[in-house]
Amino acid sequence: MGAVLAFAMLGGAPALANDTDGENDPLEPMNRYFFELNIFFDTILLKPVATWYDGVVPRPGRDGIRNFLDNLRSPVILANDLLQGEWNRAGTTASRFGINTTVGVLGLFDPASRWGMKQHSEDFGQTLAVWGTGEGPYLFLPVLGPAPPRDLTGFVVDQAFDPLTYIYWDRPKTVPVTRFVVNGVDQRARSLTTLDQIERTSVDYYATVRNLYRQSRANEIANGETDYDALPDIDYLTFDTNEPDTAGM
Amino acid sequence: MSPHASMKTALASIALCATLALFQGPAAAQAAGDPKAFVDGVAEQAIAIISDEAASTKQREEAFRELLRENADLDRVAAFALGQYLRTPDDAQRAEYRELVETFIVKVYVTRLSDYNDEKLEITGSQKRGENQAIVKSEIRFTSGREPVTVDWWLIEKDGAYKIFDVNVVGIWLAQEQRSTFTTVIRNNGGRFDALLEHLRAQIGKAEKGDLSGIAQGG
């Protein structure tokens, strides 16, 4: 986000210095079309399945599945920890994998968290951001959802860090595909109420999701550290100042 | 990244502080009290309102509106959420916008906060931001053992007291989210301000028909 904000800051009007207006979404009509398409498939397929999964599989079962999938992702997280030079976090990822695969019974449980080694996310999109690559124009794809060029590239490159890619290189892709589907269903099941609430409390669901995606990516890239210096200047922000009219600029 | 931009901001804020100091003198400095105590008080009241099962949704919303009026700088939030379109509305539109935004915010947050009833908010730190602002960091810790949720409060002094400007929940600034959405609505309607008012009215109307309260109970 630093780069995006800094970029906006240089170009912005002085009163609203780092305004993020101008959403960098040149393909918005196409994106909105895919967004609606995804909502359609969500309504007829994913959401019912996720609701069913949420209702039928008891909580410990769902948590076991989540832990197992997270553990399976460790190699990708580790590779990206290392590429970002985050040695401590790399150590955490490696230890978590060791502990959860053995003590945690092939990753079904997460004893490492209880021992102070919390899970964190990493992917190659974040690595590119740490290396200074901007997000690029917003892109929303069927099935994948928000995937601006940087994060789409990250998604593809991450497949190369995933041992499953090589194990199933010239075999039927049943296992990787199953993982993708179960992961999607589980994530959807975990956001049933949240997404409903966001949809019903947005004046424009598409625009809200776009902003939420960008803000949460920025937060992930910064490893959860908020950069308070990058916040917009709000000192003279009122309706009642006598500033010259800057609207429509 | 861009060292040039951060230099520019740094210089700008130094200049700003110097100007403020010149005009306000030393008296204005510490009038607003302890930001942590302020947030603690507001959060406690908010959780009490949301957790009050005896109250109807309408009563809850009214209590929440009072709380916001007293403790948030709603005018500044409303202005911020318009971004580049701050000067677009005429006086009548502006008056209606301010009213709609207040109602909208009340409805949105009574809904979104419904997950957090009966929980405790722990203040974990605070820092000054310039002359008249502060950031208070906190965590909502769940009795169910769910991962704690981090919440940052961005405060700004107004009339000698702190007011909430924005709240960050797990990395998301809520006023920034609103601004992004509001400006998109105006832009996609060719800069027509009434389009935003229509969207806000529609959303509030939906809420009043029970769409929002329905899911609040579901959560």
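This passage describes confidence, fold and packing in a predicted model. In the model, local features need pLDDT of at least 70 and side-chain atom pairs count only at pLDDT 80 or more, whereas totals for chains, interfaces and linings use all residues. Residues are numbered from 1 along each chain as its sequence is written, chains are lettered from A in the order in which they are written, and side-chain values use heavy atoms, with hydrogens and water left out.

Confidence comes first, with pLDDT being the predictor's confidence in each residue, from 0 to 100. The average pLDDT of chain A is 87, and 88% of its residues score at least 70. Residues 1-20 of chain A stay under 50, and the model has 34 contacts beyond four places in sequence for them (contact means heavy atoms within 4.5 Å). The pLDDT is also below 50 over residues 244-249 of chain A, a stretch with 9 contacts beyond near neighbours in sequence. Where pLDDT is low, the predicted coordinates should not be read in detail.

Chain A contains 12 helices and 2 strands, taken as DSSP runs (helices H or I, at least four residues; strands E, at least two) numbered from the N terminus. Along the sequence, the pattern is α-α-α-α-α-α-α-β-β-α-α-α-α-α. Of the 249 residues in chain A, 43% are buried (under 20% relative accessible area, with exposed over 50% and partly exposed in between; 1.4 Å probe, protein chains only). One residue of helix H6 (residues 111-114) of chain A is A:Pro111, which counts as buried because its relative accessibility is 7%. Not counting residues up to four places away in sequence, A:Pro111 touches A:Ile99, A:Asn100, A:Val103 and A:Gly104.

Nonpolar cores are sets of buried Ala, Val, Leu, Ile, Met, Phe, Trp, Tyr and Cys residues joined through side-chain atoms within 4.5 Å. The largest has 66 residues, and those with the most contacts inside it include B:Tyr97, B:Trp153 and B:Leu196. Helix H5 (residues 91-112) of chain B gives the most to this core, with 9 residues. Apart from this core lies another, of 11 residues, among them A:Phe35 and A:Tyr138.

In chain B, the axes of helices H2 (residues 35-51) and H3 (residues 57-71) come within 9 Å and cross at roughly 170° (lines fitted to C-alpha atoms over the stretch in contact, with angles from 0 to 180 degrees between N-to-C directions). H2(B) is therefore roughly antiparallel to H3(B) (angles under 35 degrees count as roughly parallel, over 145 as roughly antiparallel, 65 to 115 as roughly perpendicular and the rest as oblique). Residues making the contact include B:Phe38 and B:Val42 of H2(B) and B:Phe64 and B:Leu67 of H3(B).
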